[in-house]
Amino acid sequence: MQTEVHMRGRFAAREEDVAGWHVLRLTGEVDAHTAGLLPTLVVYAVRRGAQRVCLDLTALERVDRSGAEALRRCDRVARYAGGQLAMIEPDDPSVAEVLEDAGVAHELPPLAPGERLATRPRRRPVAR
């Protein structure tokens with residue numbers, strides 16, 4: 001497992017290998033200032049040997065049109081580099097709505113439910 005943190009403003013990406021996927025966990029905002037980082041992160045992951053890359057969007061707080069377009073570019077970039085791209089859908093309904101309106105939800109396939117559970121961070125049991 002490898003972890004790298006890429007930060008710019010209110011955006012961060014953490015990388016890890018989970019269940020056969022190279023997962024990019026995105027947090028914060030994907031907007032005009034940070035959108036260009038996403039395709040670059042995907043290309044670097046594929047060039048470092050990841051055949052399957054997953055964008056975990058569950059913790060995104062905000063995405064604008066340029067961010068949504070960058071997510072669409074990620075799929076093309078991954079395929080061009082010889083990889084496969086999937087996503088874990090955002091928890092925030094406003095982020096999901098922007099992605100739906102931009103067509104991202106139709107281009108980036110979500111992980112299958114079994115795989116989705118395997119890639120979510122494990123929660124520690126609450127001591128009673």
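**Exercises on a predicted model**

A search of the whole structure finds 0 disulfides, a disulfide being a pair of cysteine sulfur atoms within 2.5 Å. This is a predicted model, in which local features need pLDDT of at least 70 and side-chain atom pairs count only at pLDDT 80 or more, while totals for chains, interfaces and linings use all residues. Residues are numbered from 1 along each chain as its sequence is written, and side-chain values use heavy atoms, with hydrogens and water left out.

**Exercise 1.** Decide whether Cys54 is buried or exposed.

*Solution.* Begin with the cut-offs: buried means under 20% relative accessible area, exposed over 50%, and partly exposed in between (1.4 Å probe, protein chains only). Cys54 has a relative accessible area of 0% and is therefore buried. Cys74, with a value of 0%, is buried as well.

**Exercise 2.** Describe how strand S2 is joined to strand S3.

*Solution.* Strands (E, at least two residues) are DSSP runs, numbered from the N terminus, and two strands pair if DSSP finds at least two bridges between them. Next, 8 bridges join S2 to S3 (residues 21–30), and the two run antiparallel; Glu16, for instance, has Val23 in S3 as its bridge partner. Finally, the two strands form a hairpin with 2 residues between them, where Ala19 in the turn has a positive phi of about 50°.

**Exercise 3.** Characterise the surroundings of Thr27.

*Solution.* Thr27 lies in strand S3 and is partly exposed, because its relative accessibility is 33%. Leaving aside neighbours within four places in sequence, Thr27 is in contact (heavy atoms within 4.5 Å) with Arg10, Phe11, Ala12, Ala59 and Leu60.

Conventions. Helices (H or I, at least four residues) and strands (E, at least two) are DSSP runs, numbered from the N terminus.
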